[in-house]
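Please view the sequence and the model together before reading on.

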Amino acid sequence: MVDAVEGPGESGPKEIAGKPVRVEMPGEVLLSATGDRAADTKGQISWAVFEWARNPYVLLVTIYIFAPYFSNVVVGDPVRGQAIWGNINGIAGFIIACLAPILGAIADSGGRRKPWLAVFVGIMAPATFMLWWAMPGGEGLSVFAIALLIVIVSIAFSFSEVFHNSMLPAVAPNERIGFLSGLGLALGNAGGLIILCFMLYAFMLPGRVDWSFIPGQALFGLDVAAHENSRISGPFAGIWLFLFTLPLMFFTPDRAHVAGPRFTEAVKQGGLRVVKTVRQLKHYRNVATYLIARMFYNDGQTAILIFGGVYAAGVFQWDALTLTIYGIVLSVFAVGGGFFGGWLDDRFGSKVAILVSIGGTGLGVLLAVSITPTELFFFIPWDAASPPVWDLPFFATVPELLYVGVVIIVAICITAAYANSRTMLARLAPASKMSEFFGLYALSGTATAFIGPALVGFCTWFFHSQRAGFASVLLLLGIGLALILFVTEERAEAAE
């Protein structure tokens, strides 16, 4: 089925990130979780490296650099900018929710996944690069054009996730999919961390500090006054994505091509198969329970990612420099979260791993909202006028340091939960319907993604409190955690 395997002269003990990996011995065929021939070590690592390629887009564009720049500078009104940014993501989410399951079903019909990934990367990389021309003052791209680019990239990004996730069971042996899933997410966070550190060194700190190892002005002649240090995030993410997609394209084996119907017929058949699968969810009751559980806790996690920085900036009055360093700190520990999630999964199984990772996320959020500049852990008063603990222009007070400490728990556990979640589906879904169920997996993660932000917004308004609003995500995490208790970790048989 595949050709990228160890040759006879290359057999023997192998390692991924220091952990032994069983590989084929001469005359032995190492099977993947789907029963096909598994990829070799290089092919498995190349599959994981695709996360390294994709994740910097999330950190640079959607969270820390471009999104605040778009809202505050390009739009020029933070409130209106946030509303537009929400609409952009809402439109993209709706389209993703409608099409992702159908694309998954089409992938099952045609067999191969890499051509689809190549198409989506071919869309994402140049569209992301074009964000360089998102200029303030009405110059360059219009707000509508920028919004259109973000919608296109967001859709392609999510669709690439469907096809990339669906490759996992065919790439690795069953006993390795937990670790490989965690490795991918760890690499994704590591890639984002490297770019954030470079952005901080090259474009953010110059002119702000007089440290000898920091350049006196932004590198490459970028004009900070023209916000080129923010606009460069698009080209950086696009180039990075293109370059580090190449290992997967060259070294990770794909399923053999299966002759299938024409595209229009495949779309029709794919849609019918999704409808049939949804109707058969009574047969897949265990998988359905899991997808509903994930829908709730994933909505909570999405809200944490969206509002975590907003909450911190509002409560502690953090500026852009502090938020960038905040992102770097969390990315460092999120790398460990990927490996932690993989270790939990391989050691205790996906269900226990999810219970631990979601429970840890909830505990971290509870501790986070217990800390303010004048209060520690709800009950301990703190004098906001206390002298700073150091002279650095960030995290200078005890409450801030404690907040960062507990949010590190959240970063580790959220990353672990993402790894554990897709591994759980890979263990539950019928092997013959893997892409279709990963389409439903994407749907469960996007169809109701508005619930978390809406809940936080409503509770913030109702209680007139950022703290109460952010704490409301605990409700979603709690529902998801409770539903996971009813899930049995066993593979479903495909319904006729």
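Does R427 count as buried or exposed, and at what relative accessibility? R427 counts as buried because its relative accessibility is 13%. Here, buried means under 20% relative accessible area, exposed means over 50%, and partly exposed lies in between, with a 1.4 Å probe and protein chains only.

## Basis of the report

This is a predicted model, in which local features need pLDDT of at least 70 and side-chain atom pairs count only at pLDDT 80 or more, while totals for chains, interfaces and linings use all residues. Residues are numbered from 1 along each chain as its sequence is written, and side-chain values use heavy atoms, with hydrogens and water left out.

## Salt bridges

The structure contains three salt bridges, a salt bridge being a side-chain nitrogen of Lys or Arg within 4 Å of a carboxyl oxygen of Asp or Glu. One of them joins R427 to D345, with the closest N and O atoms 2.9 Å apart. R427 belongs to helix α13 (residues 398-428) and D345 to helix α11 (residues 320-348), so this pair ties together parts that are 82 residues apart in sequence. Helices (H or I, at least four residues) and strands (E, at least two) are DSSP runs, numbered from the N terminus. Both R427 and D345 are buried.

R427 also meets D346 in a salt bridge, at 4.0 Å from N to O. This pair likewise links distant parts of the chain, since R427 is in helix α13 and D346 in helix α11, 81 residues apart. D346 counts as partly exposed, at 26% relative accessibility.

A further salt bridge connects E375 with R467, where the closest N and O atoms are 2.4 Å apart. E375 lies in strand β3 (residues 375-376) and R467 in helix α16 (residues 466-471), so parts that are 92 residues apart in sequence are tied together. R467 counts as partly exposed, at 24% relative accessibility. Through shared partners, salt bridges join D345, D346 and R427 into one network.

## Aromatic rings

The structure holds 19 aromatic pairs. Rings of Phe, Tyr and Trp (its six-membered ring) pair if their centres lie within 6.5 Å; planes under 30 degrees apart count as stacked, over 60 as edge-to-face and the rest as tilted. Among the pairs is that of F198 and F203, which is edge-to-face because the ring centres are 5.8 Å apart and the planes stand at 90 degrees. F198 counts as partly exposed at 29% relative accessibility, whereas F203 counts as buried at 1%.

F203 also pairs with F236: the centres are 6.2 Å apart and the planes at 80 degrees, so this pair is edge-to-face. F203 lies in helix α6 (residues 177-204) and F236 in helix α8 (residues 233-251), so the pair ties together parts that are 33 residues apart in sequence. F236 is partly exposed, with a relative accessible area of 23%. One aromatic cluster is formed by W116, F120, F159 and F163.

## Charges over rings

A charge sits over a ring if NZ of Lys or CZ of Arg is within 6 Å of the ring centre and within 35 degrees of the ring normal. R54 lies over the face of F157, at 3.9 Å from the ring centre. R231 is placed over the face of W132, at 4.4 Å from the ring centre.

S230 is found in helix α7 (residues 228-231) and counts as buried, at 13% relative accessibility. Neighbours within four places in sequence aside, S230 is in contact (heavy atoms within 4.5 Å) with I65 and Y69.
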